[in-house]
Amino acid sequence: MTIVNGPQHRTWLNVFLVIVIAHWAEHVAQAVQIYVLGWPTPQARGVLGLPFPWLVTSEWMHYGYALFMLIGLVMLRKGFTGRARTWWNISLGIQVWHHFEHLLLLLQALTGNNLAGRPVPTSVLQFFFPRVELHLFYNAVVFAPMVVAMLLHRRPNESERSAMACGCATAHA
């Protein structure tokens with residue numbers, strides 16, 4: 001973990017951020033396809049889902065990304081201090097729930113036993129919100145505190161700066 005949270009912390013954060021933004025862009029593209037272009041939800045597959053439609057319907061792919069996010073948030077956590085750590089922990093806490101929801105979806109897909117006898121795998125909050133909107137929301141509420149954490153991490157106060165083991169700080173607060 002020293003490599004991830006020490007001198008290479010900025011590099012690992014940037015790699016993580018690029019992957020997170022790419023995933024986030026897929027959800028935004030899907031929302032644009034539905035709400036701006038008026039496509040029916042089954043045809044609105046984001047960018048990669050158009051040439052590879054199985055990506056959108058693969059619970060393994062969605063679970064894999066949720067797990068990747070959870071692992072990334074856990075692995076990169078020790079590099080954060082002070083206020084940035086608080087915001088990173090908020091993102092991590094929300095992602096724990098998001099991961100649970102995807103695990104629930106995956107288990108239903110694998111066993112064929114869907115919640116409440118529904119025809120498709122259904123997460124807990126899908127009883128109240130449609131899946132596309134729910135996952136757009138999940139990604140937004142995980143992403144927003146993560147960005148706040150990264151911004152605070154780049155501009156630490158003096159006590160936070162002295163506790164940092166990386167060179168991510170670029171300016172004095």
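**Cysteines**

I started with Cys168, which counts as buried because its relative accessibility is 1%. The model I am reading is a predicted one. I then looked up Cys166, and at 13% relative accessibility Cys166 is buried too.

A disulfide would need the sulfur atoms within 2.5 Å. I noted for Cys168 that the nearest cysteine sulfur is that of Cys166 and that Cys168 is in no disulfide. I searched the whole structure as well and found zero disulfides.

**Helices H2 and H6**

I went on to helix H2, residues 9-35, and helix H6, residues 131-154. Their axes come within 10 Å and cross at roughly 150 degrees. An angle over 145 degrees counts as roughly antiparallel, and H2 and H6 are therefore roughly antiparallel to each other. I recorded the crossing of H2 past H6 as left-handed. What residues make up the contact of H2 with H6? I have 16 nonpolar, seven polar and three charged residues there.

**Gln30**

Is Gln30 buried or exposed? I put Gln30 down as buried, because its relative accessibility is 12% and the cut-off for buried is under 20%. I then looked up what Gln30 touches, leaving aside neighbours within four places in sequence. I wrote down Ala44, Gly46 and Val132 as the contacts of Gln30.

Technical notes. Residues numbered from 1 in each chain as written. Predicted model: local features only at pLDDT ≥ 70, side-chain atom pairs only at ≥ 80, totals over all residues. Heavy atoms only, no water. Axes fitted to C-alpha atoms, helices over the stretch in contact; angles between N-to-C directions. Helix = DSSP H or I, 4+ residues; strand = E, 2+ residues; numbered from the N terminus. Parallel < 35°, antiparallel > 145°, perpendicular 65-115°, else oblique. Left-handed = near helix turned anticlockwise from the far one by under 90°. Nonpolar A, V, L, I, M, F, W, Y, C, P; charged D, E, K, R; others polar. Buried < 20%, exposed > 50% of the residue type's maximum accessible area, 1.4 Å probe, protein only. Contact = heavy atoms within 4.5 Å.
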